[in-house]
Amino acid sequence: MTEVKSETEMVRDDYVPTQDYISSDFAALEAEHLWPRVWQVACREEEIPNVGDVITYEIVDESIIVVRTGPETIRAFYNVCPHRGRRLVDDNGHVSQFMCRFHGWKWELDGTTDRIVDEQDWGGCLTREDTDLVALKVGCWGGFVYVNMDEDAEPLEDFLKDVIARCGKFEFEKMRYRWYKTVVYPCNWKVALEAFNEAYHVQATHPQMLRYIQDYSVSGEYGRHSAFWYPPLDEGQSRFEYSSRLGERPHSDYRQYVLEYFKEMHEQLGAMVTPRSYEAAQRLKSEVAADAPAIEVLTKLREFQREAAVEDGAGWPKELTPEYVAASRVDWHVFPNQVFLHSSVDGIVCYRARPNGHDPDSCIFDIWSLVRYAPGKEPPLEREMYTDWKAQEWGRILMQDFGNMEQVQKGMRSRAFKGARTNPKQERAISNFHRGLREFVSAAASEETS
């Protein structure tokens, strides 16, 4: 099996080796040393609101049960019967107990054994250690439920400390699904994730957005996690503006740049900008002057958003300041396989990518639009599952991104492709990801052989 230590295969700020994306050996290293040792998002808390609600999370060969065992308690178990190995839960739903449909063994929600059919036949040699369900570590933050198969893993709060420090005041835990879409996509899970954790691609992939945003970004690392953001502009300027890449701006009405951006997010993505915020932004036309400076437009925009959310009963994060929002960055890559964009405050878009079994050329890609709804106003959760991304309409923005991902995976297999030449400033999140990934895999492998 490939080892991750060749000097010619080292990750640099401007280089990521090809094998990380296309090698079956590297995928096997991840399966053996990454996924069993790392915190990863299994679901959202709202997916299991009642005691006995259960979902399954699949990662490579493992299936994991996540179940609410009490009003404030969530547990996770390997989804396997200790008798003959049948999976216990076939789908998401509700249970009062776990039962193996093969031979009828039963377990309580806390994983303890309730019934072994004809247990006397074993003559007392079965112990509860043999038959109780095997638990995993579980942690929650921001409404996300994370699991970890490593009993010795660091606490989730330590793992996420930088993310929590910069994003905790947004109150993601008060958000609920607007929509939930999953697609089996023909590329490596890292190719899929990396299409959404840098803004360097915007000028070519999403050229329509240059009419209303300054797209130049920078990115940085926070341990294994990464983020990108937009650097400060000259006084009086705003990120919502005609891109300098296009030359002289056609007008100085900052309201129009904001409204065009909100329209694109609302109509072509259905995420980040919520329907409520989209309507609130229309107040800019009548309540803010056309020649108002950028800071006034943005201040009024946030004021209108907040008023609309409060009036709707959704509320607004009480401790959020403009300084905190700016320091929270725009886009976070939470190691290893979660990305979210959150700067709109009352709506975020979240991406999760996983290997599709052991195939380095296929992944399971989830996209979640989350909104801060008033209690009881959230729509019912409907999970949409697709096996062919081309057969569905995803809106302009995602269709543009999806058009890249498959072609990247194919192109990386060319003899002419020597490795990804990542932009050291704008794509540092990608090189940092791979550096952390290789360090994680190498450290885990070393621990297991020592």
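Author: A nonpolar core is a set of buried Ala, Val, Leu, Ile, Met, Phe, Trp, Tyr and Cys residues joined through side-chain atoms within 4.5 Å, where buried means under 20% relative accessible area with a 1.4 Å probe, protein chains only. This is a predicted model, in which local features need pLDDT of at least 70, side-chain atom pairs count only at pLDDT 80 or more, and totals for chains, interfaces and linings use all residues. Residues are numbered from 1 along each chain as its sequence is written, and side-chain values use heavy atoms, with hydrogens and water left out.

Reader: Which residues have the most contacts inside the largest nonpolar core?

Author: They are Val 66, Phe 144, Tyr 261, Phe 365, Phe 402 and Met 405, in a core of 123 residues. Helix H8, residues 254–268, gives the most to this core, with seven residues; helices are DSSP runs of H or I, at least four residues, numbered from the N terminus. A second, separate core has 15 residues, including Phe 77 and Leu 88.

Reader: What is Phe 144 in contact with, leaving aside its neighbours within four places in sequence?

Author: Contact means heavy atoms within 4.5 Å, and among the partners of Phe 144 are Val 41, Phe 172, Ile 348 and Trp 368.

Definitions and conventions:
Buried means under 20% relative accessible area, exposed over 50%, partly exposed in between (1.4 Å probe, protein chains only). Helices (H or I, at least four residues) and strands (E, at least two) are DSSP runs, numbered from the N terminus.
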